[in-house]
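Here is a short report on one protein model. It goes region by region, with the cut-offs given as they come up.

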Amino acid sequence: MLLPAHAYVRPGSLDDCLIALREAGDAGQIVAGGTDVIFNMRLKLFRPETVISVRKLRELQDIEPLPDGGVRIGAACRLHDLTEHPLLNGRWPAFTDAIRQLASRHVRNMGTLGGNICLKTRCWYTNNSAQWRAGRAGCFKTDGQLCHVIKSSDKCHAINNADTPVILIALGATLTIRKVGAERQLPIVDLYHDDGLHNLALDVDELVTHVTIPPVDDRTVYVKQAARKGIDFAIGSVAARCNGAGEWAGKVTLVLGSVSTAPIVLKEPAAIIESSGLTDEAIERACDAVRDELGEVTNLYSRAGYKKQVARVLVRRALQRLREM
Ligand SMILES: Cc1cc2nc3c(=O)[nH]c(=O)nc-3n(C[C@H](O)[C@H](O)[C@H](O)COP(=O)(O)OP(=O)(O)OC[C@H]3O[C@@H](n4cnc5c(N)ncnc54)[C@H](O)[C@@H]3O)c2cc1C
Ligand code: SF4
């Protein structure tokens, strides 16, 4: 499958990159490791006129400890390098554990943190070759007026399948986002929209340059369910965090990934554990609350009922692991 015709730009500095992004506008596409972009260009799902590479930008490569005990990570850091980093492994082990569960060593060698955070939503219909798609009418994502997954829907329900957003939300990470003449900080939880077409709160000329993780002493885990251990996207994933020890647990955070268009912060299950602790009985009540809080779930990639069951099981595993830490 050939790549669609495009211009390739590799700016030598961050400032030049931001200018290139502004000039390319809607027709531009950032590429970092390219593990997703290039594949989707071959599928003719992405058809950028200009591809702008950020992979080698010096300003986006560092892992910098902060005076408050946090860390600032350049968006173009390779995923594999993060898993080998002593500071990250020592202070945020659930973060590097989540990355180790992502794809395969080959993909992690190429893929970057920024690329994973900014991964576009996926769907069995659109993430297929142009020839395969040609056998069906276009959908909202491919210039059509319908959704093949939920026929009655007026919007796209494609799935956010990325691993790192889920754990980074639980860790309270913040993104640094830049464009020409402006910089803003955005809690990563606010990056994701419940809209498969426009799932990221990013303008076309904006670039995620860094990820800041605050100091975290709490117990934290990431659990993922996939068809195979290596290479596959998640069917569901959960990041869980709390303070305390044993069954005693305060400040509980539960984040669910890969079942919907944006990661979901589960409120009621977390509140149950905060008030009752990590007892077997409270964990079961929290799991029951997961089903209620999820409401309608799309049947994309697996049946909605199965996804709810996966979510419930993953929450149980995550909470039991927190109790053992
Ligand atoms: C076989 C296979 C298995 C995979 N399994 C998984 C998996 O289990 N879990 C998972 O999470 N992912 C998986 N992926 C998807 C992908 O490889 C990873 O998400 C990877 O981290 C993407 O990083 P990248 O640098 O290659 O991104 P790219 O492909 O370069 O870019 C991805 C998206 O992010 C945008 N982007 C990149 N950098 C920035 C930035 N700094 N600011 C703003 N936008 C940016 C790009 O424009 C593009 O839309 C898999 C891919 C393959 C091919
Ligand atoms: S969820 Fe529907 S609109 Fe979105 S990509 Fe899939 S078929 Fe298209």
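## Strand 12

In which strand is V265 found? V265 is in strand 12, residues 264–265. Helices (H or I, at least four residues) and strands (E, at least two) are DSSP runs, numbered from the N terminus. At 30% relative accessibility, V265 is partly exposed. Buried means under 20% relative accessible area, exposed over 50%, and partly exposed in between (1.4 Å probe, protein chains only).

V265 touches I169, V189, L254, V255 and E293, leaving out residues up to four places away in sequence. Contact means heavy atoms within 4.5 Å. P67 is 198 residues from V265 in sequence, and the two C-alpha atoms are 29 Å apart.

## Basis of the model

This is a predicted model: local features need pLDDT of at least 70, side-chain atom pairs count only at pLDDT 80 or more, and totals for chains, interfaces and linings use all residues. Residues are numbered from 1 along each chain as its sequence is written, chains are lettered from A and ligands numbered from 1 in the order in which they are written, and side-chain values use heavy atoms, with hydrogens and water left out.

## Cysteines

How many disulfides are there? The count is zero. The rule asks for a pair of cysteine sulfur atoms within 2.5 Å. A disulfide is a covalent bond between the sulfur atoms of two cysteines.

C17 is in no disulfide. Its nearest cysteine sulfur belongs to C118, 12 Å away. C17 counts as buried because its relative accessibility is 0%. C156 is also buried, at 8% relative accessible area.

## Ligand 2

C156 is one of the residues around ligand 2. A residue is near a molecule if one of its heavy atoms lies within 4 Å of it. By class, this shell has eight nonpolar, three polar and one charged residues. Ala, Val, Leu, Ile, Met, Phe, Trp, Tyr, Cys and Pro count as nonpolar, Asp, Glu, Lys and Arg as charged, and the others, Gly among them, as polar.

Ligand 2 takes up the space of the largest cavity. On a 1 Å grid over the protein atoms alone, a cavity is a set of points where a 1.4 Å probe fits but cannot get out. A molecule sits in a cavity if more than half of its atoms lie within 2 Å of its grid points.

T83 is in helix 3, residues 79–83. T83 counts as buried because its relative accessibility is 5%. Beyond its neighbours within four places in sequence, T83 contacts N89, T96, I99 and R100. K307 is 224 residues from T83 in sequence and 29 Å away in space, C-alpha to C-alpha.

I99 is also among the contacts of T164. T164 is in helix 9, residues 164–170. Is T164 buried or exposed? T164 is buried, at 0% relative accessibility. Setting aside residues up to four places away in sequence, T164 touches I99, L102, L113, N116 and I117.

## Strand 8

I213 is in strand 8, residues 207–213. I213 is buried, with a relative accessible area of 0%. Which residues does I213 touch? Not counting residues up to four places away in sequence, they are G70, V71, I73, W92, F95, L168, L171 and A173. R316 is 103 residues from I213 in sequence and 26 Å away in space, C-alpha to C-alpha.

## Positive phi in two loops

S258 has a phi near 65°, a positive value in a residue other than glycine. S258 is in the loop between strand 11 (250–257) and strand 12. At 5% relative accessibility, S258 is buried.

Y301 is not a glycine, yet its phi is positive, about 70°. Y301 is in the loop between helix 11 (280–294) and helix 12 (304–324). Y301 counts as partly exposed because its relative accessible area is 39%.

## Helix 10

A271 lies in helix 10, residues 268–276. A271 is partly exposed, at 35% relative accessibility. G90 is 181 residues from A271 in sequence, with 29 Å between the C-alpha atoms.

Technical notes. 1 Å grid on protein atoms, 1.4 Å probe; cavity = no way out; pocket = protein on both sides within 12 Å on 5 of 7 lines; lining within 4 Å.
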